[in-house]
Amino acid sequence: MPRMTLHPLAARRCWHAAVNPLHATVYFSPEIAEEFAALGIADPVAVNLAHRSAAMGAVGAGAVTATFYNYRHDLVARHLPAVWNTVTPGQALAARLRAADAALTRLLGADTVKSPEVAEAADLAMRATEGCTRHARTLYAAHADLPVPEEPHLRLWHATTLLREHRGDGHLAALLLAGLDPVEALVSHTATGKGMTPKWLKGMRGWTQDDLDAAAGRLRERGVLDAAGELTEDGAALREQLESDTDRLDAAPYEHLGADGLARLTELGGALVVKAVTAGAFPRDLMGRA
């Protein structure tokens, strides 16, 4: 792992406050549903699987279950590889970029997406991606092969996609090291109050209530959750260690950007996220314990 010279939480704050939310705006936008409906795909799970995996090509369920980690395999297999009979990966990627363009313009405003601040944020985020590495990072590496858009707001979205997948790929290694299987990872994250609610875990990840209850039982036996489903002291420590390990695995792009650039990206990106959230970028019931 690279030696960390930045404040231990600086990159994590940037990722959570700016990078990941900017990338994720497209996931819940009406624009992504409209673009894929025009291509003949209406099921929201199929849309999600297609646009997230398209950079890897016309892959099947096994590859996607492995790289996404926390989706139930039979849900993935219900849609892949069948979705590629309706849309090609290239068409899916083009539809996602069009959706990102329309969604960001709607959420941020036409003047904002053309502003100097968005262009500066895009430059900073792209500079950070220069520090990313491909080895053992499947989703990052696949997206790193895609062309960089010219428009500043789409360059920013592309850069946040790269940074998001780079951290995500490292996070999977940390989950394996922590001994958390896909459902345990989700249930323990939900218990922090910062993960997806059970409604979304069942609807978009494919897990049943029995799956969630069984995972909670395993976590109680391990001392991660208490009888009420709250994190124990050991459980909170496990989740913090998981984030710290992910921080170290994801240090390189932010070390490359440097402290001043990181602070500026956090400031600029965070302001854009606040504007997007205020405009309704995410469902109100997406995050939380219930």
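A volume is the space filled by probe spheres set on the points, which are joined across faces, edges and corners. The model is a predicted one, in which local features need pLDDT of at least 70 and side-chain atom pairs count only at pLDDT 80 or more, while totals for chains, interfaces and linings use all residues. I kept the numbering from 1 along each chain as its sequence is written, and side-chain values use heavy atoms, with hydrogens and water left out.

I noted 15 lining residues for this pocket, with V187, P198, A216, G229 and R289 nearest its centre. Two or more residues each come from α11 (182–191), α12 (198–205) and α13 (209–222), helices being DSSP runs of H or I with at least four residues, numbered from the N terminus. The largest share, five residues, is given by α13. I then sorted the lining by class and got eight nonpolar, three polar and four charged residues, where Ala, Val, Leu, Ile, Met, Phe, Trp, Tyr, Cys and Pro count as nonpolar, Asp, Glu, Lys and Arg as charged, and the others, Gly among them, as polar.

**Helix α12.** Which residues of α12 are buried? I found W200, L201, M204 and R205, buried meaning under 20% relative accessible area, exposed over 50% and partly exposed in between, with a 1.4 Å probe and protein chains only. These four cover an arc of only 105° around the axis, so they sit on the same side of α12; the arc is that of the directions from the helix axis to the C-beta atoms. The buried residues of α12 pack against α3 (44–53), α5 (73–79), α11 and α13, and just after α12, G206 takes a positive phi of about 90°.

**Cavities.** I searched the whole structure and noted two cavities of 30 Å³ or more, a cavity being a set of points where a 1.4 Å probe fits but cannot get out. The largest cavity holds about 60 Å³, and α15 (residues 251–257) gives the most to its lining, with three residues. The second largest cavity has a volume of about 40 Å³ and is lined by L22, L104, L108, V118, H153, L156, W157 and L272. V118 and L272 are also among the contacts of T112, once its neighbours within four places in sequence are left aside, contact meaning heavy atoms within 4.5 Å.

**Salt bridges.** I recorded 20 salt bridges, each a side-chain nitrogen of Lys or Arg within 4 Å of a carboxyl oxygen of Asp or Glu. E35 and R98 meet in one of them (2.9 Å, N to O); E35 lies in α2 (residues 30–38) and R98 in α6, so the pair ties together parts 63 residues apart in sequence. R264 meets E120 (2.9 Å, N to O), and R264 also forms a salt bridge with E267, the closest N and O atoms being 3.0 Å apart. E267 and R264 are separated by about one helical turn, because they are three residues apart in helix α16.

Conventions:
1 Å grid on protein atoms, 1.4 Å probe; cavity = no way out; pocket = protein on both sides within 12 Å on 5 of 7 lines; lining within 4 Å.
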